[in-house]
Amino acid sequence: GIEAEGPAKGNTLIVPTEIVTLKTGDYQVSAMTGEGPAVERKSLPDFIGTIVRHRERFERELERLEAMISGHVVVESDWDEILSRCDEFTLAPAKSLHRSVISWTLRYPTVHWHFCSNRIIAERTTFRILQAFWKRVQG
């Protein structure tokens, strides 16, 4: 399971988890697989590599996320870091990465992009997306 901050300060919430292969995204609420939100999480090198070297496959992933009730891409980096460190991972100009994401936000308007300043914030953001959906369906 995953440990996360509980409802009251100092409490730990244990969330049962299951490792399975998903058709879409890296994380989903298991009881709602296929119906709930899907989250695709990317580290900085993976994010840049995906756009530059695996673009067509990633666009198919975005199409599947678009078909979900709520699709999310959580990137473990913010734009300042992405644009300043892009040349460490590829020869592609940083502006082309920025343009690609902007284009995708228009082509796939129900896919939400979350750029987080570090891995911990990305993990929490992923958890909170799934938690918010779970609370909503529980009434």
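Biologist: At about what angle does helix α5 run to β4?
Modeller: The model is predicted. In it, α5 spans residues 119-138. This helix lies across β3, β4, β5 and β6. Its angle to β4 is about 175°.

Biologist: Which are the edge strands of the sheet?
Modeller: Four strands form an open sheet with mixed pairing. The order is β3-β4-β5-β6. An edge strand here pairs on one side only. That picks out β3 (27-28) and β6 (111-115).

Biologist: In β6, what is the bridge partner of Val 74?
Modeller: β5 and β6 run parallel, joined by five bridges. On its other pairing, β5 (residues 71-75) meets β4 (residues 38-42), also in the parallel sense over five bridges. There, Val 39 stands opposite His 72, and Glu 40 has Val 73 as bridge partner. In β6, the partner of Val 74 is His 114.

Biologist: How many residues of β5 are buried?
Modeller: Take the two faces in turn. Gly 71, Val 73 and Val 75 are buried on one side, His 72 and Val 74 on the other. β5 is therefore largely enclosed by the rest of the structure. The buried count is five of the five.

Biologist: How many nonpolar residues are in the contact of α1 with α4?
Modeller: The axes of α1 (residues 44-53) and α4 (residues 94-107) come within 11 Å and cross at roughly 80°. An angle of 65 to 115 degrees counts as roughly perpendicular, so α1 is roughly perpendicular to α4. Phe 47, Ile 48, Ile 51 and Val 52 of α1 meet Leu 97, Ser 100, Val 101 and Trp 104 of α4. By class, one is polar, none is charged, and the nonpolar count is seven.

Notes:
Residues numbered from 1 in each chain as written. Predicted model: local features only at pLDDT ≥ 70, side-chain atom pairs only at ≥ 80, totals over all residues. Heavy atoms only, no water. Pairing = 2+ DSSP bridges. Helix = DSSP H or I, 4+ residues; strand = E, 2+ residues; numbered from the N terminus. Contact = heavy atoms within 4.5 Å. Axes fitted to C-alpha atoms, helices over the stretch in contact; angles between N-to-C directions. Parallel < 35°, antiparallel > 145°, perpendicular 65-115°, else oblique. Nonpolar A, V, L, I, M, F, W, Y, C, P; charged D, E, K, R; others polar. Buried < 20%, exposed > 50% of the residue type's maximum accessible area, 1.4 Å probe, protein only.
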